[in-house]
Every structure is written in structure tokens, then in C-alpha cells.
Amino acid sequence: MTEQTTTEDRAEDRDYGIGYAIAGVLLVVALGAATRFLEQEVPQWAKGTPFAKIAKSIEFPIYAIALGLLGNFILSKLALRDALSRGFRTEFFIKTGLVLLGASINLKVLVTAAGPAIIQALLLISIVFGFTWWLGGVLKLEDKLRALLASAVSICGVSAAIAAAGAVQAKKEQLAYAASLVIAFALPSIFLLPWLADVLNLSEPVAGAWIGGNIDTTAAVAAAGALAGEDALQIATIVKTTQNALIGIVAIALTAYFALKVERKSAEEARPSLRQFWDRFPKFVLGFIAASIVGTLFLQWGGDKSSITTVNDLRTWFLIFAFVAIGLEFSLKGLKEAGWRPIALFASATVVNIVVALGLAAVLFGGFQVS
């Protein structure tokens, strides 16, 4: 084989690689468009049927992951998944989506109407995260997976799991697994918590604070809050927004913990330098915080809210692409060994979250009046 032939073969392989990468990106975009279509049309199709409320509450991650898994199955059967995987770009989509998410987190909430919500968020996150992390250790779950599950159940579901995954450098299948558990537990909560709030005769502010501090996805919080009442919806939104704003802080803490303790092989091993810490730090968290500051100041200075709406729509597209890519890349390898333990952990943490959130909501919002 001559040197010229070898060079030509390499160039041909590179061209094929680029072609497959482009095809992979186009597949993600096509499935993302199908996700958006289903998200918008399924509630219309379900109107007037017993499934109307459920269809309205289903969020885009469900459709995106389902379509991604379907694509994963078909591509695997055609022996094309590995070739196209270069274009799935899961990490890029996730990080871009989270940075854009920051623009919708108004930090002004933390110094105005969210006084009780701040206290509730800090206590609830600390207690539930601590319990989940502890129980995950008892169940001998891998540290990265229990970090994802603890973040998801204690903060704000899928978004928190994504941020935690970047901080601890978790595997894609671990993130997909955590996201699936969040969705599975959030859907019944939409109907269960408003019903329990009525049974317990909770005031709307208490019910809203309970819902906002418990349900792990923003859309599900809005759906449950609306069922509980208008005042409940307002409080639930404030509480959930406050918890969302703490994503960046938790990601920074997880980065430090994993760099300084979990990934040090022995007590004698040198602590990582600032440069090493910076190298592994998820830079998108800084983008998330910066976007939050810019978005807050933009609105404070009289900016057009429609601009933030546009950014939010763009964020949704990137997160849709991210979940499609997660589904396309998902593999059960590595999770089969975990078996029932992650489910038991998430279920136990959810029960603790329900009880603690109810107690905090009753204490902090018992006499609260929505003006």
C-alpha cells in the first residue's frame, strides 16, 4: 500500500465521518421537531376524552426521550447507531439549554416576594438531598448516580439532574435513568397532591408551597397548582422558581465535593490544584448565572418581556434536542447492576420530600396572604 493510497483512504474515512455526523445532527433535529409537534398536538387530540388532563400535563422530555429510544432501537437494528452517534452532541445541547434556562430565572425573586420560599428551599434541599445521599450510600449506589438522584428529587427534577451530571461527569445512561424516574413520579403527583391538599383542608398558599417544593418539574408544578387554585398556583411558581435559582450553587458544591473528596483515591493523595478544579468545573454553570443576571437586569431596566420569551423558546428547543440525543445514546449497560435500588431510593426520597415539604409549607406559609 502506497503512502498516497493511505492518505486517500484517510481522507475518504474523514469525509464519511463528517457525513455521518451531519446525518446524526439532522436526525436529532427531525426527532426534535416531531417532539414539538406531539407536545402541541396531543393535548388537542385528547380534548373531550378521559385523557385530556394527562395529555395536557405531559412535558416535552417524555416525547423526546421516547422518540430517541425508538430511534435508538431502529438504528441499532440497522447497525447505524454508532456511526451516527458523532452527530448526537448530547453534551452541547444540554449545556446550551441550561445556559439559556438561566435567562428565565429572575434573581429579583430572591430579594422580594420569595422570603419564606428562600427559607423553605434551603431547608428542603438540604434535608432531602442529605437523606437521599445517605440512603444511596446505604444502598451502595455509585456516587455519580446518587448525586443525580439526590439533586433531581431535592431541587427541580430534570434540570437539576442535568446540572449535577455536568458537575460530577456522570454517564449519559445515568442521566437518562434519573430523568425517567423524575417523569414517572411527577405525573401522578399532579393529581395526588391537589387532592391531598383538599383532604387535609390546606389553605391555598400552603398547598401551593407544598406543591412547588415537592413536584420536580416546572410544568407539572403549574398543572398541579392550577388544580389547587389561583393563589396556590402563584405560590407554587414562586417556590419552584426559587429552587430553580439554586441549581448553580448546588452544581458548584458538587464539583468541589467530587474533586476534593470522592475522586481522591487516598488520604495521602495531593489535593487538586485550583487549575485542576477549574479544568473539571462545569463552565456552563457560569453561563447559567450570567444569563440569570442579564435577564434580571434586562427586565428591571424595562426590557421587552417578549425577548425573554424568545430565549425561553430557544432553550426549549435545545433541551428537546438534548433529550432526543439522550434517548438515542441510552444504554442499559451499567444500570442493570443497580436493579431495584435506584427506584427504591427515589421513592423513599419522594416520601421524605412530601412530608418535609408539607411541614415547612405549613410553618412558613400558614398565615401567608396573596396580595
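**Figure 1. Helix 10 and its buried residues.** Helix 10 (residues 204-214) is mostly covered in this predicted model, with 10 of its 11 residues buried. The buried residues of helix 10 are Pro-205, Val-206, Ala-207, Gly-208, Ala-209, Trp-210, Ile-211, Gly-212, Gly-213 and Asn-214. Buried means under 20% relative accessible area, exposed means over 50%, and partly exposed lies in between (1.4 Å probe, protein chains only). Helices (H or I, at least four residues) and strands (E, at least two) are DSSP runs, numbered from the N terminus. Residues are numbered from 1 along each chain as its sequence is written, and side-chain values use heavy atoms, with hydrogens and water left out. As this is a predicted model, local features need pLDDT of at least 70 and side-chain atom pairs count only at pLDDT 80 or more, while totals for chains, interfaces and linings use all residues.

**Figure 2. The salt-bridge network at Arg-36.** Arg-36, Glu-39 and Asp-313 are linked in a network of salt bridges. A salt bridge is a side-chain nitrogen of Lys or Arg within 4 Å of a carboxyl oxygen of Asp or Glu. Between Arg-36 and Glu-39, the closest N and O atoms are 3.3 Å apart. Both residues lie in helix 1 (residues 3-45), 3 residues apart, or about one turn of the helix. The salt bridge between the side chains of Arg-36 and Asp-313 has an N to O distance of 2.7 Å. This pair links distant parts of the chain, with Arg-36 in helix 1 and Asp-313 in helix 16 (residues 305-329), 277 residues apart. Arg-36 is buried, at 13% relative accessible area. Glu-39 is partly exposed at 23%, and Asp-313 is partly exposed at 34%.

**Figure 3. A salt bridge within helix 7.** The whole structure holds 3 salt bridges. One of the salt bridges joins the side chains of Asp-143 and Arg-146, at 3.0 Å from N to O. Asp-143 and Arg-146 are 3 residues apart in helix 7 (residues 143-156), so about one helical turn separates them. Asp-143 is partly exposed, with a relative accessible area of 24%, whereas Arg-146 is buried at 11%.

**Figure 4. The largest nonpolar core.** A nonpolar core is a set of buried Ala, Val, Leu, Ile, Met, Phe, Trp, Tyr and Cys residues joined through side-chain atoms within 4.5 Å. The largest core has 91 residues, of which Leu-148, Leu-149, Ile-162, Val-168, Leu-175, Leu-254 and Phe-323 touch the most other members. Helix 9 (residues 172-199) gives the most to this core, with 11 residues. Apart from neighbours within four places in sequence, Phe-323 is in contact (heavy atoms within 4.5 Å) with Phe-60, Pro-61, Ala-64, Ile-65, Val-158, Ile-162 and Ala-179. A second, separate core of 5 residues includes Val-42, Ala-46, Ala-55 and Tyr-63.

**Figure 5. A nonpolar patch on the surface.** Tyr-20, Leu-70, Phe-73, Ile-74, Leu-78 and Leu-80 form this patch, with about 560 Å² of accessible area together. Patches are made of residues with over 30% relative accessible area and no salt bridge; like charges are joined within 9 Å, and nonpolar side chains (Val, Leu, Ile, Met, Phe, Trp, Tyr) within 5 Å. Accessible areas come from the Shrake-Rupley method with a 1.4 Å probe, and for residues only the protein chains shown count as cover. Helix 3 (residues 60-77) supplies the largest share of the patch, 3 residues.
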